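Please read these notes with the model open beside you, and take the points in order.

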Amino acid sequence: MKIAVAVVGRAKGAVGEAIGEYEARARRYFAFESHEVKEEQYRGKGDAPRVRDEEGKRLLARVPAGAEVVALHETGRAWDSHRLASYLAELQVRASPGVAFLIGGAYGLSDEILARASHTLALGAMTLPHELARLVLTEQLYRAGTINRGEPYHKGRE
């Protein structure tokens with residue numbers, strides 16, 4: 001099963017290095033790929049819907065054929081680590097082609113992405129910059145892999 005993460009913008013510095021580390025770890029458990037798409041230029045007041053739509057087209061172009069879409073969005077449901085692990089294990093049992101996690105830019109995700117999403121996931125009540133959301137997500141994907149294999153990384157409740 002393939003897991004894809006597509007995000008608007010590029011992660012730099014220490015956060016980018018941490019993302020790279022967790023993406024490498026996630027590849028131990030899943031066929032994992034990540035894609036960074038170009039941020040659309042904001043042209044002033046009232047331009048956010050156009051920005052979301054243009055970035056949304058770029059994100060959707062990175063969704064593998066047949067993959068479910070999970071949109072990371074402030075209105076989504078919060079999953080704990082075991083719920084994410086169970087979701088990924090269920091996809092593997094169903095022999096699903098995979099899942100694509102989509103993270104929007106400064107103005108969020110397009111309506112088209114939200115309508116297409118099988119699940120809308122919130123990482124918490126606070127708004128996070130896309131780089132931090134990507135870091136949290138990739139760490140959780142790695143954690144899910146260790147949970148599903150019964151490895152000792154996860155120390156949370158069982």
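**Notes on the sheet and the pocket**

1. Strand β1 (residues 2-8) pairs with β2 in the parallel sense over seven bridges, where strands are DSSP runs of E of at least two residues, numbered from the N terminus, and two of them pair if DSSP finds at least two bridges between them. Within this pairing, V5 stands opposite S34 in β2.

2. This is a predicted model, in which local features need pLDDT of at least 70 and side-chain atom pairs count only at pLDDT 80 or more, while totals for chains, interfaces and linings use all residues. Residues are numbered from 1 along each chain as its sequence is written, and side-chain values use heavy atoms, without hydrogens and water.

3. The open sheet has five strands in the order β2-β1-β4-β3-β5, with parallel pairing. Its edge strands, β2 (31-37) and β5 (119-122), each pair on one side only.

4. The largest pocket has a volume of about 510 Å³, a volume being the space filled by probe spheres set on grid points joined across faces, edges and corners. On a 1 Å grid over the protein atoms alone, a pocket is an open set of points where a 1.4 Å probe fits, with protein on both sides within 12 Å along at least five of seven lines, and lining residues have an atom within 4 Å of a point.

Key. Helix = DSSP H or I, 4+ residues; strand = E, 2+ residues; numbered from the N terminus.
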